[in-house]
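Hi everyone, thanks for coming.

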Amino acid sequence: MQRTLSVINLRNIRQNAQRINTLSNGAKVFAVVKADAYGHGAEEVARYIEAEVYGFCVAIIEEGIALRIAGVSKPVLVFTPPLDTLDVARAKAYGLTLTVNGPAAATLAGGAPCHIKVNTGMNRHGCNPDSLYKLLKTIPPESIEGVYSHLYAPHDGAASLRQLTIFEECARAVKQINPNATAHISASGGLLRGGKFLLDGVRCGILLYGYAPYGFSSEGFAPALKVYARRTQVTPFIGGGVGYNKADRSYGALYCYRCGYADGFARGVPLGEKTLCMDAFVAQAGGDMICVMDNADEYAKRCGTISYEVLTNVTRRSERIYER
């Protein structure tokens, strides 16, 4: 096998989902499986934890369709608002729930099930609060299944409270139209903040996979992914270079492993000696197969990034093995 090997512990993901349920205090739990479940494989993850959650969240309609084809039947909320009539037609065909963020999306949705996204300070997707009342007049009440927003800095208590105050007023306006609408503002950080931030529902991504957002602890959650690279050759050193690097010392032998920056690893962060090649790296020693990533937080620190980026990158060309 020439691809890297990703070993994904589904039991850990299920246990993480169960802990999220406990912390949610009865709020509906939406498992975020966008970006192929943060690199863990959305279809496999969703099928394995479907009994533990109320529904799922994805970024784009294609991701939702993949879940339906895989047999997932629970609600699937698409975060990105529809951009054309084809988006809406496909969402309707596969029973997906749309995000509506303004009049254009509401017109396109044409009465399809939706959650209204409100901008309370992230300034990404979402209608501004002063536009909400006008927007509500354009959407059939029975199609409004939820209203949500997003904390831009959940580690900042004061900023999060300001957003929550704005959102609660917006949620009250939506619930006057449809009292059964699910209100949710919290992702993983809001869940860990707890209390009044839980509302009717929570959306959890990074915690599901064993890590916590900035400013929070992942204690009690178990990482689920390890990535391995296979050795392809042992080469007696003849001088010259180490991959695309000039050797600064002599070696007895060098071991080549089939894993490089095209597999989602950082070129300048050594996995063995020096920088990575596109498809390989060179090490002084090692077994037939070595672990190149067993903790996304630790590898992210080495790369100067965050676990989210690591997880969504390092299974790019992997063969996935699922532990149940």
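Let me start with a definition: a charge sits over a ring if NZ of Lys or CZ of Arg is within 6 Å of the ring centre and within 35 degrees of the ring normal. Keep in mind that this is a predicted model. With that in hand, look at Arg193, which lies over the face of Phe197, at 6.0 Å from the ring centre. Arg14 does this too, over the face of Tyr48, and here the distance to the ring centre is 3.9 Å.

Now to rings meeting rings. How many aromatic pairs does the structure hold? There are seven. Take Phe30 and Tyr54: the ring centres are 5.3 Å apart and the planes sit at 75°, so this pair is edge-to-face. Phe30 belongs to strand β2, residues 28–32, while Tyr54 is in the loop between α3 (42–49) and β3 (55–58).

Next, please find Tyr38 and Tyr308. They form a tilted aromatic pair, 6.2 Å centre to centre with 40° between the planes. Tyr38 lies in helix α2 (residues 34–38) and Tyr308 in helix α11 (residues 307–313), so this pair ties together parts that are 270 residues apart in sequence. Tyr38 is buried at 8% relative accessibility, and Tyr308 is partly exposed at 27%.

Last stop, the helices. How do α7 and α8 pack? Helix α7, residues 129–136, meets α8 at an angle of about 5°, with the axes 10 Å apart. Angles under 35 degrees count as roughly parallel, and that makes α7 roughly parallel to α8. From α7, the contact is made by Pro129, Leu132, Tyr133 and Leu136. From α8 come Ile166, Glu169, Cys170, Ala173, Val174 and Ile177. By type, these contact residues divide into nine nonpolar, no polar and one charged.

While we're on α8, which spans residues 157–177, let me point out Glu168. Glu168 counts as partly exposed, at 29% relative accessibility. Its C-alpha atom is separated by 58 Å from that of Thr232, 64 residues apart along the chain.

That's my tour, and I'm happy to take questions.

Technical notes. Residues are numbered from 1 along each chain as its sequence is written. This is a predicted model: local features need pLDDT of at least 70, side-chain atom pairs count only at pLDDT 80 or more; totals for chains, interfaces and linings use all residues. Side-chain values use heavy atoms; hydrogens and water are left out. Rings of Phe, Tyr and Trp (its six-membered ring) pair if their centres lie within 6.5 Å; planes under 30 degrees apart count as stacked, over 60 as edge-to-face and the rest as tilted. Helices (H or I, at least four residues) and strands (E, at least two) are DSSP runs, numbered from the N terminus. Buried means under 20% relative accessible area, exposed over 50%, partly exposed in between (1.4 Å probe, protein chains only). Axes are lines fitted to C-alpha atoms, for helices over the stretch in contact, and angles run from 0 to 180 degrees between N-to-C directions. Angles under 35 degrees count as roughly parallel, over 145 as roughly antiparallel, 65 to 115 as roughly perpendicular and the rest as oblique. Contact means heavy atoms within 4.5 Å. Ala, Val, Leu, Ile, Met, Phe, Trp, Tyr, Cys and Pro count as nonpolar, Asp, Glu, Lys and Arg as charged, and the others, Gly among them, as polar.
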